Amino acid sequence: MRQLKIGVIGCGSIAKHRHLIEYAQNEQVEIVAVCDIVKERAAEIATLYKAKAYTNYEELIANKEIDAVSVCTPNYLHAPMTIAALKAGKHVLCEKPMATSKAEAEDMIQAAKASGKKLMIAHNQRFVPAHQKARQFIEQGELGKIYSFRSAFGHGGPEGWSADGTDSWFFKKEEAFIGALGDLGVHKTDLLRFLLDEEFVEVGAFVETSSKKKADVDDTAVCVLKSQSGIIGTLAASWSYVSQEDNATVIYGEKGIMRLLDDPVDSLVIQYQNGEVAKYELGQIQTNEAGGQTSSGVIDRFISSIMNQQESPVSGVEGLRSLQVVLAALESQETSKIIKI
């Protein structure tokens, strides 16, 4: 079986610590091209992976040798770069959030449909073993009827690992569009949709910039979500957690409480109504720190879907549905109203 030839657009931290490492570990892949507007950064990565360096993404996607690309650039570039790559006949793995608006996301979905190529959004939380097991349990009725949930994703902010530190695009509205809510919160909207197997229909939110003095995007958000069947819960996303990272989710059901990534050892714990406790040591979620993101499952599933001609593991439609929740949260903050999706 031939190897897929891969190009990576954007050589910042998420490319260095996840995409490139995981592509390099996959025997079905050859990294042939990398691109970054910082010439030295592109050259360094190209040397490391014996690839060709570009500073112009249009030149990279014009390379007919390339089968698929990862788009690892600032948020405002996700849509135009993804659409251009799809039109050039490349499969695309795009970082989250997939776009800065519903219209952009719909254009990406249409471009994928028209090209016949795969579009996958890099939502890794649904591939975490504890989350996969949790969905299984919920589907099997282990918790009975689900009443509510609370989920959080917070850390000290991207300046600690972003390639540009405190000068990172993450803090600039014209490049990022959205802050912690798009960086972290959209992961949780995708996870909750995956776990509950339901869409959210109403959103209320407080979205603030309180801890990052140089930022003109949000760094702290708390949302209240309601699903189709009436499950209600909270989602918090923050860059202001200055000590330990929080990535926990708790699901409350009629038969018990399920705790995910809430314990440093047992990544899935069920506390049953009768007092029994079941603990599962399934490994913790990986981080984006150097050496911490080596098998998220995102890259392998992207490659497998192409090689085996399967549906995209996280399609553009899925990415849009997760994006719409955070877009509704922004609208709720702006209007001081509950927003219906």
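Predicted model: local features only at pLDDT ≥ 70, side-chain atom pairs only at ≥ 80, totals over all residues.
**Notebook: cavity, pocket and helix packing**

Residues are numbered from 1 along each chain as its sequence is written, and side-chain values use heavy atoms, with hydrogens and water left out.

**Cavity.** My search of the whole structure returned 1 cavity of 30 Å³ or more. On a 1 Å grid over the protein atoms alone, a cavity is a set of points where a 1.4 Å probe fits but cannot get out; a pocket is an open set with protein on both sides within 12 Å along at least five of seven lines; lining residues have an atom within 4 Å of a point. Points are joined across faces, edges and corners, and a volume is the space filled by probe spheres set on them. I recorded about 30 Å³ for the largest cavity. Its lining includes Asn75, Lys96, Trp169, Phe170 and Asp183.

I recorded about 870 Å³ for the largest pocket. Of its 50 lining residues, Ser13, Ile14, Cys72, Trp169 and Phe170 lie nearest the centre. Helices α1 (13–25), α4 (78–87) and α8 each give two or more residues to this lining; helices are DSSP runs of H or I, at least four residues, numbered from the N terminus. By class I found 19 nonpolar, 19 polar and 12 charged residues in the pocket lining.

**α8 and α10.** I then looked up how α8 (residues 180–196) packs on α10 (residues 316–335): their axes come within 9 Å and cross at roughly 120°. Axes are lines fitted to C-alpha atoms over the stretch in contact, with angles from 0 to 180 degrees between N-to-C directions. The pair is therefore oblique, the class left after under 35 degrees (roughly parallel), over 145 (roughly antiparallel) and 65 to 115 (roughly perpendicular).

**α5 and α10.** Helix α5 (residues 102–115) packs against α10 at about 180°, with the axes 10 Å apart. In contact (heavy atoms within 4.5 Å) are residues including Ala105 and Ile109 of α5 and Leu320 and Leu323 of α10.

Methods:
Nonpolar A, V, L, I, M, F, W, Y, C, P; charged D, E, K, R; others polar.
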